[in-house]
Amino acid sequence: MPFRKRTLYHMKGCEVIAAGIHHLQQNRMRTALTILGIFIGIASVLCMMAIGDGAKKLITTDIEKLGGSNQVQFWTRTIIKRRGQRYRTIERYTLSDADAIETQCSDVLFVLPRDGARYRQWTSSRGGRQTEAAVEGVTANYAQGIRWEVQQGRFLAENDIAHALQVCVLGAGAAADLFGETVALGQEVKIGLGWRQPALRCRVVGVMNPKGKQLLNIRALDDTIYIPLTTRQQRISGNGTVDRLIIFFQKDADVHRIIDDVKAVLRKRHRGKDDFIGYWVPTGSVKRLERIEKVIKIALGGIAGFSLFVSGIGIMNICLVSVGEKTREIGLRKSVGARRIDIFYQFLTESISLCLCGTILGIAGGWLFAHGMARVAVRILPIVEMWPVVLSVRWMVISVLFSIFMGVIFGVYPAIRASRMTPIDALRTDT
């Protein structure tokens with residue numbers, strides 16, 4: 001007899017859950033409309049989370065293409081504003097500045113001086129093909145510093161820098177423009193310097209691996225021609241200055257302290273002046289994106305929360321209607337021995353099932369909407385070949401747990417009301 005009671009109780013528990021779900025299947029249109037609100041709220045939140053996390057991944061990958069996040073780039077401010085008027089600065093960075101920063105700043109690993117064109121220059125090959133690529137002067141450790149591998153030939157060597165040789169290394173895009181499928185190594189290119197000066201002839205000694213398009217770089221690395229820094233200074237710019245210093249530091253170092261130390265070194269070497277110093281920290285772009293993402297999450301979370309709250313009220317209303325429709329059924333169940341807890345679980349299961357169905361559909365919908373928005377973003381922002389969609393497991397688990405919580409909150413009152421009915425009052429009802 002005890003074994004029979006336990007078996008009956010176990011079957012009754014299964015029947016309680018099945019009864020709650022079966023009633024939802026009988027009223028499919030009402031169930032679908034109730035689920036719709038939860039679906040919209042969950043899908044919109046997860047969609048924006050996936051797009052936002054994808055944007056953060058996109059910028060992080062972009063920073064890695066430039067050599068990693070443990071860097072700060074110092075650029076030259078040529079014009080400054082002071083008391084409403086514009087002034088032109090005269091101080092510029094030099095190669096000796098780079099050496100001084102490396103020796104005097106303890107946390108600095110190495111410095112890459114770079115002198116880049118402020119405008120694009122026409123470069124042509126002997127075959128008559130041309131490209132409007134930027135021509136940048138760099139040092140021998142530039143490729144190693146930004147983690148860029150050579151596809152063919154070699155990168156610039158110390159001997160090229162020391163003797164200001166007329167050699168060059170082509171980015172993958174510039175090589176394709178100038179030579180197409182022809183091997184570029186050993187070929188000669190002419191870099192136009194203007195109608196008053198003869199073209200600079202350079203021999204191609206290397207072609208770099210494709211880097212792809214970047215968000216944080218105005219000029220794509222693949223569409224650039226690299227020549228020895230000293231060659232650029234002597235033959236193009238005509239002075240011994242550089243317009244940018246890329247400073248790499250140890251990963252655990254404080255970037256703000258690095259900036260202060262570098263500024264102190266530069267002030268000593270430039271008569272106490274620092275108005276020409278400008279800097280850019282790549283990790284700052286990620287932090288700004290994170291702040292924007294937090295604001296969007298808060299705003300969207302508030303809208304989604306309101307939508308879910310309204311949906312929760314709808315779920316409570318549906319459950320109350322269900323209680324009214326099943327009043328006689330409740331009376332019959334109680335008259336044959338059903339307990340309050342059995343009736344309570346039956347209607348609570350109905351509420352939780354509605355929330356779970358809406359959440360599962362919302363997760364799938366959020367994933368689909370995110371991929372759709374990613375395709376639209378690629379068309380709006382053509383420099384991005386693919387916008388990654390990052391739908392984290394954490395947010396999916398949070399959505400499921402939140403839906404269960406909401407189902408319990410909005411389903412408790414109807415379940416309690418149904419469980420407290422007496423068999424006599426329930427059987428007397430006309431519904």
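**Close-ups of a predicted model**

**View 1. Leu401, a nonpolar residue out in the open.** Leu401 has a relative accessibility of 53%, so it counts as exposed, the cut-off for that being over 50%. You'll find Leu401 in helix H12, which covers residues 393-419.

**View 2. The largest nonpolar core.** Now for the inside: in soluble globular proteins, nonpolar side chains tend to be buried together. Here, the largest nonpolar core has 24 residues, and Val72, Phe74, Tyr93, Ile101, Leu245, Ile247 and Val262 are the ones with the most contacts inside it. Strands E1 (71-76), E5 (108-115) and E14 (244-249) each supply at least two residues of this core, and so do helices H3 (95-104) and H8 (255-269). H8 gives the largest share, six residues.

**View 3. Who touches Val72?** Which residues is Val72 in contact with, once neighbours within four places in sequence are left aside? The list includes Leu245, Ile246, Ile247 and Phe249, then Ile258 and Ile259, and finally Tyr279, Trp280, Val281 and Pro282.

**View 4. Lys81 on strand E2.** Lys81 is part of strand E2, residues 79-82. Buried or exposed? Lys81 counts as exposed because its relative accessibility is 66%. Along the chain, Lys81 and Asp275 are 194 residues apart, yet their C-alpha atoms are separated by 9.9 Å.

Note on methods
Residues numbered from 1 in each chain as written. Predicted model: local features only at pLDDT ≥ 70, side-chain atom pairs only at ≥ 80, totals over all residues. Heavy atoms only, no water. Core = buried A, V, L, I, M, F, W, Y, C linked by side-chain atoms within 4.5 Å. Buried < 20%, exposed > 50% of the residue type's maximum accessible area, 1.4 Å probe, protein only. Helix = DSSP H or I, 4+ residues; strand = E, 2+ residues; numbered from the N terminus. Contact = heavy atoms within 4.5 Å.
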